[in-house]
Amino acid sequence: MVDSIKLLRSGPLRGEVIPPPDKSISHRALIFASIAKGKSIIRNLLRADDPLRTLDAMSSLGMEIRDSGETVEVYGKGLHGLREPEDVINCGNSGTTMRLLAGLLSGQPFFSVLTGDGSLRQRPMKRIIEPLRMMGAGLYGRTGDTLAPIAVKGGGLTGIHYKSPVASAQVKSAVLLAALYAEGETVVEEPRKSRDHTERMLPAIGAGLRVEGLRIIISGGNDLTPFEITVPGDFSSSAFFMVAAAIIKDSEIIIRNVGINPTRRGLFDIMKRMGADLEIIDRRIVSGEMVADILCRYAKRLVATEIVPEEVPAMIDEFPVFCVLASRAEGTTTIRGAGELRVKESDRIAAMASELRKMGVNVTEYPDGLEISGPVDLRGTTLEAHNDHRVAMALSVAALVAEGCTTVQGVAAVDISFPGFYDRILELTG
Ligand code: S3P
């Protein structure tokens, strides 16, 4: 794929779009199927760089995985069926692959090493190394055991009570995966509820897991049963269309088959609060997750809002595109309690502040958030995606309402979560 794209101001978005399958659920389906006993079938798996890293990792741990195009079959060998990998496992850009696998590998009585690309090797790993060591695993990393590559020698785990300082589904899931192998009970508590796909999927396949508010209690040793799953569309990828339709005059689109799990759909509620014309239709349950179609129309008037820390986890991946929306809303939008954005695939606070400023937006940066004043008539210019798929797509949405021509550099990154993003945009804009 070419690494830069020129975009002109677009006419209205019209028609229907099917978003790519959910990334978080795709990773989990591959990992859980590998440690279940027998054949699992995954429908609508996301074939994008990040989950394909997880697929390759599971293969290097001895799993037989067959992709027929329509379905992916995983021949799980049970909790104790993984084998020592012959080489370092490269997680690419994928934080979910690295952190979830660190948890899984902590339960294995063999040696393994996890590495990743330049971005992933700069992201914080102490947050998983610490609790996994408390459970008894040997984990080591660069810079005082805080950065990848991470070397793991697992086995001999005991349950812990862990109060995570961050609301992170990756941390929570890493500890829960290790807990499947631990003696006794493990309790994980988070400060605010992060996405709960792991807690939904594991008990459905036989894990001894229950949720009590912000605490998850899990006991180790239970065999997992193989399963069939249909992965819903990704809310986070749908967010780009929701925002584009809200800010481009006369737009009206339907996004089909979107996962609307309450721990993921914060942006929907916030956009409604700002005056967006969004409607959830045909709500249904698919493979234990709430799914719907979302009707999105152009919003004549959007008003600024205040995002408070409690609202951050349920829209954590949507902030880059939310910043674009904020630049088109009347008044000053504030985002606080979102310091986690600084340790994503890029520093998303700095990235969005610098790129939106280039388009003429007045942005104030805080250590834990941003303040954005609008509405601004965005100016087309040359922008940089900061090696971050969501920044690339957010800036491309901004380009669609900007005056003149916008060049976005670094757009190859969209393949991390959404191959075909620009084709979908072209289809909708005719
Ligand atoms: C994810 C959790 C979130 C999210 C990431 C996917 C997951 O990260 O930002 O894109 O699948 O568990 P954190 O756990 O770091 O919040």
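Begin by selecting glutamate 384, which is found in strand β22, a strand that covers residues 382-384. This is a predicted model, and in it glutamate 384 has a relative accessibility of 28%, so it counts as partly exposed. If you then display what surrounds glutamate 384, leaving aside neighbours within four places in sequence, you will find it in contact with Glu355, Lys358, Val391, Leu395 and Gln409.

Next, colour the two domains, taking 4-21 together with 232-429 as domain 1, and 23-230 as domain 2. The C-alpha centres of domain 1 and domain 2 lie 29 Å apart, and where the two meet, 29 residues of domain 1 are in contact with 29 residues of domain 2. Between them the domains bury about 2,300 Å², of which 49% is on carbon and sulfur atoms.

Now look for the largest nonpolar core, which has 79 residues, and among those with the most contacts inside it are Met242, Leu267, Phe322 and Leu356. Centre the view on phenylalanine 322, which, not counting residues up to four places away in sequence, touches Leu267, Ile270, Met274, Thr305, Ile307, Met315, Thr333 and Ile335.

Then select threonine 115, which lies in strand β7, residues 111-115. Is threonine 115 buried or exposed? With a relative accessible area of 15%, threonine 115 is buried, because buried means under 20%. Beyond its neighbours within four places in sequence, threonine 115 is in contact with several residues, among them Val88, Ile89, Met98, Leu120 and Pro149.

Finish at helix α2, residues 49-60, whose 12 residues should span 16 Å at 1.5 Å a residue, which agrees with the 16 Å between its end C-alpha atoms. Select Asp50, Pro51, Thr54, Leu55, Ala57 and Met58, which are the buried residues of α2. If you turn the view to look down the axis of α2, these buried residues fall within an arc of 160 degrees, so they line one face of the helix. The elements that the buried residues of α2 pack against are α1 (23-35), β4 (64-67), β6 (89-90) and α3 (95-106). Following α2 you will come to glycine 62, whose phi is positive, near 100 degrees.

Technical notes:
Residues are numbered from 1 along each chain as its sequence is written. This is a predicted model: local features need pLDDT of at least 70, side-chain atom pairs count only at pLDDT 80 or more; totals for chains, interfaces and linings use all residues. Side-chain values use heavy atoms; hydrogens and water are left out. Helices (H or I, at least four residues) and strands (E, at least two) are DSSP runs, numbered from the N terminus. The expected span of a helix is 1.5 Å times one less than its number of residues. Buried means under 20% relative accessible area, exposed over 50%, partly exposed in between (1.4 Å probe, protein chains only). The arc is that of the directions from the helix axis to the C-beta atoms. Contact means heavy atoms within 4.5 Å. A nonpolar core is a set of buried Ala, Val, Leu, Ile, Met, Phe, Trp, Tyr and Cys residues joined through side-chain atoms within 4.5 Å. Domain bounds come from an automatic or database domain assignment. Buried area is the accessible area (1.4 Å probe) that two parts lose on being put together, summed over both.
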